[in-house]
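Me: Please pick one part of this model and take a close look at that part. Then place that part in the whole.

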Amino acid sequence: MSEFKPVLLASVGKPESHTRKVYEQSGGYQALRKVLKTLSPKDVQEQTKASGLRGRGGAGFPTGLKWTFLPKDHPGPIYFCLNADESEPGTFNNRILMEDDPHQVLEGLIISCFATNSAVAYFYMRCEYPLAYKRICQAVAECYEAGYLGKNILGSGYSLEIHVHRGAGAYICGEETGLIESLEGKRAWPRIKPPFPAVEGAFRKPTVVNNVETVACVKHIFDRGVDWFKSIGIPPDPNNPRDAGSYGPKLYCLSGHINKPGCYEAPLGITVTELIEEFGGGVWKGRKAKAAIPGGISMGLLKENEFHCKLDFNGPGKFGCLGLGTAAVVVMDETVRMVDFLLNSCRFFSHESCGQCTPCREGTSWATKMMTRIKHGKGRLKDLDLLLEIAENIGIMPGTTICGLADGAAWPLKNCIKKFRNELEVYIKSTNPSGWMETAAVPALQLLDIH
Amino acid sequence: MADKPRILTDEMIAEIKAFFPRYPSKQAVTLPALHIVNEKLRYVPLRAVVEIAHLLELHPSQVQDTLTFYGYFKQDAPAGRCRLWVCRSISCALRGGDELLDHLSHSLGVKPGETTADGRITLEYAECLGACEHAPCVLANEKLIPSVSHHEADELVQTVK
């Protein structure tokens, strides 16, 4: 732990770190030169696969393996989409990389495009990031000037165009097929899979969608080698045949009731306690922690006595959470009422549900209506069971929706009601002394606009 | 239709057409075109939708379908000169984001989504602005304002001309 030095964040915070000049002074674009001169696209795919790199956007799918799903000897075009939609509450690591070290992202992107034989890449960025947009556009222009982009890059014969494409304020665009639909100019309704994007994606052509931090890792794998990457993190759990291991450095976003909120880099597998104490300077105002979100709000909730949870791809699942997600840890102190947390979570998902699948559209909005009623002192104990019923019936896992947004909506509900049921029951009974035991149907309160 | 003046200026049309070579379909230029018009006019009126559709060889309903899906584009009336997005997602909410939004709503006399009578400010709520280390945060047009107190919010409102 003590000898670990940040790699992804090495330049963040340094003067002019967003310029090509400063990036090149610290060895920037050497990995790209090496790759183009000495490796074939297949070599790059194989080495990325061997590194054990898993996608940093939330699902943790092995990156090299994803690339090998592209059809062999395809005549093209093959499209590469960089997912810079971020948007998961609590998450801002991609923003930091794009604002303070955009060339690191672009170098990784160019190497990844080379590996996948893509000649056109779309850099899909959410529109709420004006500074990142400016910095990435500048950096792309600098790359064309220097011959890192365009025709015949560095004399290799490989050509690549990168186009920056702005979103328009919709969380669902972070889902890879939602992103593709949005890129095509349509509403961002996720597609039914299969076919997976690798077979039929953007503009009905084979497409790879990767996250910003993922391609930044690719750059470092070719700078420092597969062995370096595998020396960081946690090997696969021998008792879990489905665990592919959690290798490499990871950006953790720490926010909420913490003394020093920020984006920190650590080896995969750091615990929540270590993150809070060693990086976050402890819980604010000298208070005790009550709970934490392990990796963006859709991953669920950890109780304070579960903070020894290791934040690797396999860790949060052992505590009933959905997974590591975006590794955005949001800490809540002892003053937080879980009814407020849950209403916030439900409100977010009902606002961001794209409306395509009925279980998600109706489930998330009814959960918000019920939580609003509970919050305003009209809750009944039965509502907790109804909320659980919703949570258990929406999502990919019960098989009722096309994408995972509803699973993300369900997990905070499931975790919170399981881990804090007593508190919620006390709240309902004390705020609705005459009606908490009712079980007959009640109308929703019109206290909150859903949209 | 024909005798009414165009809404899209030659400049906007040129800017939109410059996006055509980037994509294999003209429909993919929908979001860039909506951004261009929304930036210039501060909204995208229905007539602009028709003109965009014409440029992109689409039916107007296709452009309108896309426009209404996203939360970013205004259609009924132009947004104020400063569009003030207050984050209400969990990291900001834990540090007073909802209270900040209420405060601004009261002091400006508008609900989220509405524009002040003088046309200066449109107040909006935002889902996670991705600046959680600066909670509670506000995006004022293109400028991110970190850790905004009620007092700082009042001062910010004063600076908008």
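Reply: The part is B:Glu57, which counts as exposed at 59% relative accessibility. The cut-offs are these: exposed is over 50% relative accessible area, buried is under 20%, and partly exposed is in between (1.4 Å probe, protein chains only). The model is predicted, so to speak of local features takes pLDDT of at least 70, side-chain atom pairs count only at pLDDT 80 or more, and totals for chains, interfaces and linings use all residues. Residues are numbered from 1 along each chain as its sequence is written, chains are lettered from A and ligands numbered from 1 in the order in which they are written, and side-chain values use heavy atoms, with hydrogens and water left out.

Start with the backbone. B:Glu57 has a positive phi of about 55°, although it is not a glycine. B:Glu57 sits in the loop between α3 (46–55) and α4 (60–69) of chain B. Helices here are DSSP runs of H or I with at least four residues, strands are E runs of at least two, and both are numbered from the N terminus.

Now the chain around B:Glu57. Chain B has seven helices and four strands. Along the sequence the pattern reads α-α-α-α-β-α-α-β-β-β-α. The C-alpha atoms fill a box of roughly 50 × 35 × 25 Å along the principal axes. Of the 161 residues in chain B, 54% are buried. Chain B exposes about 7,300 Å², and carbon and sulfur atoms supply 54% of that area. Areas come from the Shrake-Rupley method with a 1.4 Å probe; for residues, only the protein chains shown count as cover.

Contacts next. Contact means heavy atoms within 4.5 Å. Among chain B contacts with a separation of 6 or more, 63% involve residues 24 or more positions apart. On charge, chain B has 17 positive and 21 negative side chains, and the centres of the two sets lie 5 Å apart. Lys and Arg count as positive and Asp and Glu as negative, with His and the chain ends not counted. Each charge is placed at NZ of Lys, CZ of Arg, CG of Asp or CD of Glu.

Chain B also holds a cis peptide bond. That bond joins B:Ala135 and B:Pro136, with omega about -10°. B:Pro136 lies in the loop between β2 (121–126) and β3 (138–140) of chain B.

Chain A has its own examples. Phi of A:Glu16 is near 55°, a positive value in a residue other than glycine. A:Glu16 is in the segment before α1 (20–25) of chain A. A:Glu16 is partly exposed, with a relative accessible area of 47%. A cis peptide bond joins A:Pro194 and A:Pro195, with omega about 5°. A:Pro195 lies in the loop between α8 (176–183) and β4 (207–211) of chain A.

Chain A has 16 helices and 11 strands. Its C-alpha trace spans about 80 × 50 × 45 Å along the principal axes. Buried residues make up 61% of the 451 residues. Chain A exposes about 17,000 Å², with carbon and sulfur atoms supplying 53% of it. Its 52 positive and 48 negative side chains have centres 1 Å apart.

Then the strands. Two strands pair if DSSP finds at least two bridges between them. In chain A, six bridges join β2 (residues 120–125) to β3, and the two run parallel. A:Ala121 stands opposite A:Ile162 in β3. Five of the six residues of β3 (residues 161–166) of chain A are buried, so β3 is largely enclosed by the rest of the structure.

Chain A also has an open sheet of five strands, in the order β8-β7-β11-β9-β10, with mixed pairing. Its edge strands are β8 (262–267) and β10 (302–303), each pairing on one side only. Six bridges join β7 (residues 249–256) to β8, and these run antiparallel. A:Pro249 stands opposite A:Pro267 in β8.

A:Val283 lies in the loop between α11 (272–279) and β9 (289–293) of chain A. At 13% relative accessibility, A:Val283 counts as buried, whereas B:Glu57 counts as exposed. Not counting residues up to four places away in sequence, A:Val283 touches residues including A:His257, A:Ile276 and A:Val331.
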